[in-house]
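Subject: Structure handover

Hello,

The structure I mentioned is below, with notes on what turned up in it. Please read the notes with the coordinates open.

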Amino acid sequence: MWGATIKFTIKEGLETEFESKAKIFLEQAKVNEKGIVFYDLFMDEEKTYHWIEIFENKKSHETHFKQEATQDFFEFMGPLFEGKPAFKSFESV
């Protein structure tokens with residue numbers, strides 16, 4: 001399996017807009033994309049978001065990033081970020 005995490009914060013006052021669009025994007029990805037094992041968004045006590053995604057393999061993850069819906073969502077998210085997101089990918093052992 002292949003996974004990734006994205007840790008980020010959203011500019012103050014834009015969290016509700018982000019979360020409502022993120023929920024739609026998450027559900028559409030889960031329904032429309034093959035290879036997703038786990039795909040969800042979390043928030044910790046410091047109001048930092050953690051996007052956690054697990055795919056069947058690296059190819060499924062790469063295909064996900066090439067989807068038009070994914071590109072559109074990242075374009076939407078870009079101006080909402082407070083600072084630079086921290087992205088990490090990993091492979092099961």
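This is a predicted model. Helix α1 covers residues 15–32, which is 18 residues. From its first C-alpha to its last it reaches 25 Å, close to the 26 Å expected at 1.5 Å a residue.

Phe 18, Ala 22, Phe 25, Leu 26 and Ala 29 of α1 are buried. They cover an arc of only 105° around the axis, so they sit on the same side of the helix. Their packing partners are β1 (2–8), β2 (36–43), β3 (49–55), α2 (58–66) and α3 (68–77). The face of α1 turned away from this buried side carries exposed Thr 16, Lys 23, Ile 24, Val 31 and Asn 32.

On the aromatic side, the count comes to 15 pairs, with ring centres within 6.5 Å as the criterion. In one of them, Phe 8 and Phe 18 have ring centres 5.6 Å apart and planes at 85°, so the pair is edge-to-face. Phe 8 belongs to strand β1 and Phe 18 to helix α1, so the pair ties together parts 10 residues apart in sequence. Both Phe 8 and Phe 18 are buried.

Tyr 39 and Phe 55 are also edge-to-face, because their planes are at 70°, with centres 6.1 Å apart. This pair links strand β2, which holds Tyr 39, to strand β3, which holds Phe 55, 16 residues apart. Tyr 39 and Phe 55 are buried as well.

One aromatic cluster includes Phe 8, Phe 18, Phe 25, Tyr 39, Trp 51, Phe 55 and Phe 76. Lys 21 lies over the face of Phe 76, at 4.7 Å from the ring centre.

Regards

Technical notes. Residues numbered from 1 in each chain as written. Predicted model: local features only at pLDDT ≥ 70, side-chain atom pairs only at ≥ 80, totals over all residues. Heavy atoms only, no water. Helix = DSSP H or I, 4+ residues; strand = E, 2+ residues; numbered from the N terminus. Expected span 1.5 Å × (residues − 1). Buried < 20%, exposed > 50% of the residue type's maximum accessible area, 1.4 Å probe, protein only. Arc of directions from axis to C-beta. Contact = heavy atoms within 4.5 Å. Phe/Tyr/Trp six-rings, centres within 6.5 Å; stacked < 30°, edge-to-face > 60°. Lys NZ or Arg CZ within 6 Å of the ring centre and 35° of its normal.
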